[in-house]
Amino acid sequence: MVGVSEGQTSARTSAAAGARTGRPLLSLALAAMMEDVHAHSGAVYLLSPGERVLEMAVMAGLPRVFAAPWERVGLSTPIPVAEAVRRRRLVWVSGQEDMARRFPRVAMVLPYPFSLAALPVMTEETVHGAVFVTWPGSHPPELSERERRQLKAACDRLALRLERTAGERHPMLPEPDLLSAPASAGAPRVMGTVGSLEAARLVARLPYGVISLDLHGRVGFANAAAAELLGTTLGELLGTHVWAAVPWLNDPMYEDRYRAALISQHVTSFVALRPPGDWLSFRLYPDTTGLTVRVSRARAVTDMAREAARPAASGPSRLVTITQLLSLAGSLTEAVGVDDVVQLIADEIAPSVGSQALMLLGSQGGRLHVLGHRGYEDRRVIEWFHGIALTDRTPGTQVLSTGVPAFFDSRQQLERLYPHVKQRPEDGFAAWAYLPLVASGRPVGTWVLAYEQPRSFPADERAVLTSLGGMIALALERARLYDAKHQVAHGLQQALLPRSLPRLPGIEAAARYLPATQGMEIGGDFYDLVPTRPRPAAVIGDVQGHNVTAAGLMGQIRTGVRAFTTGGQAPGEVMNNTNRLLVDLDVDLFASCLYLRFDPSRERAVMARAGHPPPLLRRPDGRVRVLDLAGGPLLGIDPEATYPTTDIGFAPGSLLTLYTDGLVESPGVDIEEAVAGLGEVLAEAGDLPLEELADQLVLHGAAVDGQRADDVALLLLRAMEEE
């Protein structure tokens, strides 16, 4: 029963008059509804004007904090009251497993045995809101026809009253939530008032150390034995939450037992260690007014251990799962590609739920597509999944198309429901969970967990796994988008760089390009050889940024350099015109550049530099020199900038090393020292074939952890005797 007025038997009549008398319309209607169907809690939601949002207006039977995550919910939210409004019909949830299967978000927060009915509050023309009511876990699995009729009639009456109130322009005033009279009302403050009503109730319930808690968990009464066992005083207990007054009870597991007792209306128990070594047994007896808690010493260590195993299996395991859930949420934000997501699941989730194998399935071209897997030794199993038509009736396709998870305790159960899977190669597993991956309201894949032994899937585990699926779906959608963008970016980068280096008379060349390991792995570093006769040219440069814009601008610069070179311009003019081109493009990006023109007949090279790292020249005798060339500013800054040229000797056996700053820049390393170190490697290994030497130089410039903050371009040019 819910205390709402002086006479609960008149609640229905009072609700009918509420709108006319100014009495709380919603509270009275909710109380009458709960009384009719013997529900123990419920709430009324109203549809916010101009919004597709339901707001909780009043709650009865339990503290509002129990439903705090759903005080304001969008109509698209996957919870029963929102679904009742969307479908404009009653939604019935028969119990804990049904809730875990259909509404895992609710089951994740309230993993307790209870039943729930949600209905829209609506007339033929207008939806005004919704109602839910709950029953303890002892309610039959089906809602009776009488309960359905009474709930429907009560919601229809409430809708008409709300419509009448709106038509008469009466404002809906805030109404207080409905709870029974606080357990502390009239409670004795000291022991000795044995005749008081509250003490009589407690003594009648249990003859041990006892505590009475109201629906909010506050202590209304405690006897001296309870205070002594808890190691506190009556004054410190009364009016407070037990877990606040007794520090060693301030553990989420114990508060969870209190919630479980109130929502399920089932007796619950747990044991707790009172420091330094006393074990106490707590047994919670609920009703619709609150809880009576018996506190006693645990009988013996062995008995205590056996009794403690039960709550420890439900409480701590769930808390560990929540911790892992938070850890996974943080890790998934760091996952970049699909392989990263698969590896995170394999490393952090599969072991914690006892799974020995996993698979992520997506869809492509009307067929299943294996996005990643771990733990399957037989490649034929993966090949069987890959390419299944979405129209075939298999667990993977059904879960993907319906968004409803499927759990199979054994191979027999799986093959009975899906005979087609008998054709699948033997995978060595005996139980499976198929979980939908739904992101932005649409299915993006299926997550398959496989287990070596047959197993049951309790409702709380189903709820956790399904909720994890939602998190993984978001990460997977983001990862697939990244992979797609990366493929486009990689293709663009490859298209903008030379596919192969042209053969130049008297010059051997080798090149390397390495993208940054952060961002989209695309950048503005570039190189090129222009085989103009009789004086070929080479260029290397670096556009700021690691994105598509930088890569696109790099392509324009490379094209411009080629055009100016082919037109017969001198090196200084090529740089001047390229600079003006970049300024005219007005892209707010700058570029460094090094350009050189070879004159094989004179064994010389003419170079021009725009803010680029100095090249290295290895002479035929093996000595290496850093060419500190004269130059101008970065391209794209000053349209009137000029770029002086430098003439150097380039006799056969000479080796020029052109590079971008990504090869020599590292945090905490002086760039001059890095260039000198590169020169030492060049001096020692300069006689190697150019392809091997290029690999050596790139390896020397690699970071210890393999991470590159900047992309790297390297161009090696060796003067050869002309044949």
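User: How do you know which parts of the model the values rest on, and how are residues numbered?

Analyst: Because this is a predicted model, local features need pLDDT of at least 70 and side-chain atom pairs count only at pLDDT 80 or more, while totals for chains, interfaces and linings use all residues. Residues are numbered from 1 along each chain as its sequence is written, and side-chain values use heavy atoms, with hydrogens and water left out.

User: Why is Cys155 called buried?

Analyst: Buried means under 20% relative accessible area, exposed over 50%, and partly exposed in between, with a 1.4 Å probe and protein chains only. Cys155 has a relative accessible area of 1%, and is therefore buried by that cut-off. Cys593, with a relative accessible area of 1%, is buried too.

User: What makes a set of residues a nonpolar core, and which members of the largest one touch the most others?

Analyst: The term covers buried Ala, Val, Leu, Ile, Met, Phe, Trp, Tyr and Cys residues joined through side-chain atoms within 4.5 Å. The largest such core has 65 residues, of which Ile211, Leu230, Leu249 and Phe282 touch the most other members. A second, separate core of 50 residues includes Leu529, Cys593, Leu596 and Leu635.

User: Why is the space lined by Ile211 and Phe282, among others, called a cavity?

Analyst: On a 1 Å grid over the protein atoms alone, a cavity is a set of points where a 1.4 Å probe fits but cannot get out, whereas a pocket is an open set with protein on both sides within 12 Å along at least five of seven lines, and lining residues have an atom within 4 Å of a point. The second largest cavity has a volume of about 140 Å³, and its lining includes Ile211, Leu249, Phe270, Phe282 and Val293.

User: What makes the lining of the second largest cavity nonpolar?

Analyst: Ala, Val, Leu, Ile, Met, Phe, Trp, Tyr, Cys and Pro count as nonpolar, Asp, Glu, Lys and Arg as charged, and the others, Gly among them, as polar. By these classes the lining has eleven nonpolar, no polar and no charged residues.

Technical notes
Grid points are joined across faces, edges and corners, and a volume is the space filled by probe spheres set on the points.
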